[in-house]
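Morning, everyone. Please have a look at the model on the screen.

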Amino acid sequence: MFQLDIDEASFAWHGDAAEARQRQKALAERVRLGDDFGPVNCVAGVDVGFEEGGAVTRAAAVLLKADTRQLIGQALVRQPTVMPYVPGLLSFRELPALIAALQQLDQRPDLVFVDGHGIAHPRRLGIAAHLGVATDLATIGVAKKVLCGRHEALAEMRGAQVPLLHRGERIGTVLRSKHRVRPLIVSPGHRLSHDTAVAQVLAFDGGYRLPEPTRLADRLASRRGPLPDSGSSR
DNA sequence: GCGACAG
DNA sequence: ATCTTGTCGC
């Protein structure tokens, strides 16, 4: 476990969707784009899954060494689900468990890959951006589908990319991580630029559609068996 | 008003 | 996200 100042009030759910959307607008102003993070020695990947028909929220966090991309830690947290899924308000439902899992890692990650959007959100506060503002950690959003915005078609080859636009503003990048495979939506969460977000996703490619940090966290969050261990987990 | 809608 | 078996393709 490592030190982390958390702005719990930022993602507290009060049962009022309109109030939550208003809070998102205010929090979005605290998001910092532009690269602002130190050397990347280790990165984390976080994801959330559900059990018991949605009654239990299951959050997973993995820690990877940046140079070797070796798994050096993992954490799993289970909590009762307190809020239903509402498009646009995903972070209020998943952040409590997600942050709990993240905090159980033995080391503070220099960068966090989050499953879901960063600023590619109606009010520019997807779960990756919200996590960044709530903890001040550098975060990247990697989603499998577009929530809002439009984009031109992109080439079928790996590495092809086009900007994702919304209301005349660039909110992310549609990136083909594998040849002829559905593209990923990459967007800055906090403390980094569009270009760096894409570069980091490509840097952690492991031959699958999802970047390694996200893929491993995804695997752990789902009940698909343990991870090919290679470090500390106890 | 009508459709769309991360996980 | 989750419920679910086999199956087509690289």
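Eight strands make up an open sheet with mixed pairing, and their order is E3-E2-E1-E4-E5-E8-E7-E6. At the edges sit strand E3 (71-80) and strand E6 (161-166), each pairing on one side only. On average, neighbouring strands of this sheet are turned by 25 degrees against each other, direction ignored. Keep in mind that this is a predicted model.

Now one pair in that sheet. Strand E5, residues 139-143, runs antiparallel to E8, with five bridges between them. Take Thr139: its bridge partner in E8 is His190. Helix H4, residues 194-203, packs on the sheet. H4 touches strand E4 (111-115), E5, E6, E7 and E8. Its direction makes about 15 degrees with that of E7.

Next, the serine. Ser177 sits in the loop between strand E7 (169-175) and strand E8 (184-190). Is Ser177 buried or exposed? Its relative accessibility is 5%, so Ser177 counts as buried. Its side chain reaches the backbone oxygen of Arg209 at 2.7 Å. Beyond its neighbours within four places in sequence, Ser177 contacts Arg158, Leu184, Asp205, Tyr208 and Arg209.

Last, the DNA. Which residues are around DNA strand C? They are Gly49, Phe50, Lys144 and Arg223. By class, that surface has one nonpolar, one polar and two charged residues. Phe50 has a backbone N or O atom 3.4 Å from a phosphate oxygen of DNA strand C.

Notes:
Residues numbered from 1 in each chain as written. Chains lettered and ligands numbered in written order. Predicted model: local features only at pLDDT ≥ 70, side-chain atom pairs only at ≥ 80, totals over all residues. Heavy atoms only, no water. Near = heavy atom within 4 Å. Polar contact = N/O pair within 3.5 Å; in protein donor to acceptor, adjacent residues only side chain to side chain. Nonpolar A, V, L, I, M, F, W, Y, C, P; charged D, E, K, R; others polar. Helix = DSSP H or I, 4+ residues; strand = E, 2+ residues; numbered from the N terminus. Buried < 20%, exposed > 50% of the residue type's maximum accessible area, 1.4 Å probe, protein only. Contact = heavy atoms within 4.5 Å. Pairing = 2+ DSSP bridges. Axes fitted to C-alpha atoms, helices over the stretch in contact; angles between N-to-C directions.
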